[in-house]
Amino acid sequence: ICPTGNACPTATSDPVPCIDGFYMNHTGAGECDVCPGGYYCNSALSTNSFNACPRGYYCPNGTSTNWQACPRGTYGNREKLVEIDDCALCPPGQYCSIEGSSEPIGNCTEGFYCPMGAMNPWGETTVSGNATCPAGSYCPEGSDLPIACPPGTYQPNKGMSQRDECLNCPPGSYCATYNQTTISGTCQEGYYCLNASTVSNPMATFTFNETGVTIGGDLCPAGYFCPNGTGYPKPCVPGTYNPLEGQSVCIDCPAGYYCDGATDRANETNACPEGHYCPLGTLFATEFPCPSGTYNPATTRSLSSDCLDADPGYYVAGIGNGNTTGKCTAGFYCPSNANTSTPSCASDFCMTGGRCVPGEECSEGTGFAVPCSPGYYCADNSGVKTGLCDAGHYCSNVRICCFCVLLELMFDMKYLYM
C-alpha cells in the first residue's frame, strides 16, 4: 500500500514523494493533497504533514517555502494567515515599515500623524504621502490625528509637536475657535484683551498660579480708555478724565477742574485751587496761576478774568495768590493791580502806583495819593505831614509844586481811560 507522504498513481512501480506545496497524511493515496491555506508544506521537512504559516506572513493554498510577507503598512500578529487581507493594517499612531512584520515597528514621529496603515514614521500610506501636522494643530509622538490648538491660541506653521507650540493670541486680539492659523480679529473698543482671549469683548481674567500669567480681559476700567485693538487699558492722559467703564476715549477735563492722571474723574478732590484758574483740559493744579498783581480767593475758577486786580491800597506779590499780600508802604500809593508794596512810576507810568511827591499824603495802605491836609505842609516824599503851617502863612490842600499838578493830571487821565 502507498505510504504516507507519497502518492501512487495508476500503474506506478514505486511510491512518488509529495513535492513542495503538497502533502499526504494517510496511506493508499493515488495523489498528494494541496497544502491547505494558512499552512506551508516543505518536502525537505515532511511530506506527510503541514506547518502553520508563521506570523508576519500569509500562506495561500499550496504554499511551500515561499511564504507571502505581509506588505509595508500591515503586519501579521498571528499564525496561519491565508491571504493578504488577513494582514492587519498598522494601527493609528504607529507605522509598519518592514515587510513581514509581526508587530508595528514603532510610534509615529512627533510633528507628523500616522493614520491606519502607515508605512513609515511620517505617516505615508498607500493612498497618501507623508502626513505633516497641519497649521493650527500639534502632533506629539504617536499621534494618529492632529490635535487642534484650543481657542485663545493659534499656530501659523506646520509640523508642530507640543501644546506649548500653540501661540497665545497676542494682547489686543482674540482667537475664537479651534485649529486657528491666525487671529480671529482685534479686541472690541471699550474692552481690553490680554493674552489668549477667546472673544472680542471679554468679561473676566484668569491668572495661572504656576506662571503668574494672566489671560482673558475685561471692560475698560474708569480712568482709562480702550480703543479698538487694546491689549492693556491706557490711562487717561493729563488734561483728560473718564468716570465710566467701557469707554474708548477720555473726556477733556471740565473747566474749573484739573486732571493730572492720578484720578479717574473730576470732582471736589481736584477742583482748581485758589490763586489759579483752570480752563477746559487743564493738566495740573498750578498750570494757570493768577499773574503778579492779581489774586483769586475762590476755587473751581476757569477764566483768566476770575483773577482780581489787587485792591486799592494793597499789593499782590508773585503769582498764584489766593489773597492780597499786604498793604502799600507809607510814602507810596497803590491804586490797583500793584505787585509790590513800593511801586515805581518808572515801570508803567504810575498805572499800578508810585511814590508820593512833596505836597501829598500817603499813609500805609493808600490807594490814591491825596493833597496835604489843610493847615499843614508836606515838604518831602515821605507821605506824612511835615508840620503845621507857620504863622503869617496859609497852607491849603494843594500840591507844593507845578510838577505835582502834572502828576495829578496824569493820574486822573489814567483812570479816565481805564
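Phe-206, Phe-208 and Val-213 make a nonpolar surface patch of about 250 Å². The model is predicted: local features need pLDDT of at least 70 and side-chain atom pairs count only at pLDDT 80 or more, while totals for chains, interfaces and linings use all residues. Residues are numbered from 1 along each chain as its sequence is written, and side-chain values use heavy atoms, with hydrogens and water left out.

**Nonpolar patch**
- Patches are made of residues with over 30% relative accessible area and no salt bridge; like charges are joined within 9 Å, and nonpolar side chains (Val, Leu, Ile, Met, Phe, Trp, Tyr) within 5 Å.
- Accessible areas come from the Shrake-Rupley method with a 1.4 Å probe, and for residues only the protein chains shown count as cover.
- Phe-208 lies in the loop between strands S20 (205-207) and S21 (214-219); strands are DSSP runs of E, at least two residues, numbered from the N terminus.
- Phe-208 has a relative accessible area of 33% and is partly exposed (buried is under 20%, exposed over 50%, partly exposed in between; 1.4 Å probe, protein chains only).

**Salt bridge**
- One salt bridge is found in the whole structure (a side-chain nitrogen of Lys or Arg within 4 Å of a carboxyl oxygen of Asp or Glu).
- Lys-385 pairs with Glu-361, their closest N and O atoms being 3.9 Å apart.
- Glu-361 is buried, at 15% relative accessibility, whereas Lys-385 is partly exposed, at 37%.

**Asp-144**
- Asp-144 occupies the loop between strands S13 (137-138) and S14 (147-148).
- Its relative accessible area of 35% makes Asp-144 partly exposed.

How values were computed. Helices (H or I, at least four residues) and strands (E, at least two) are DSSP runs, numbered from the N terminus.
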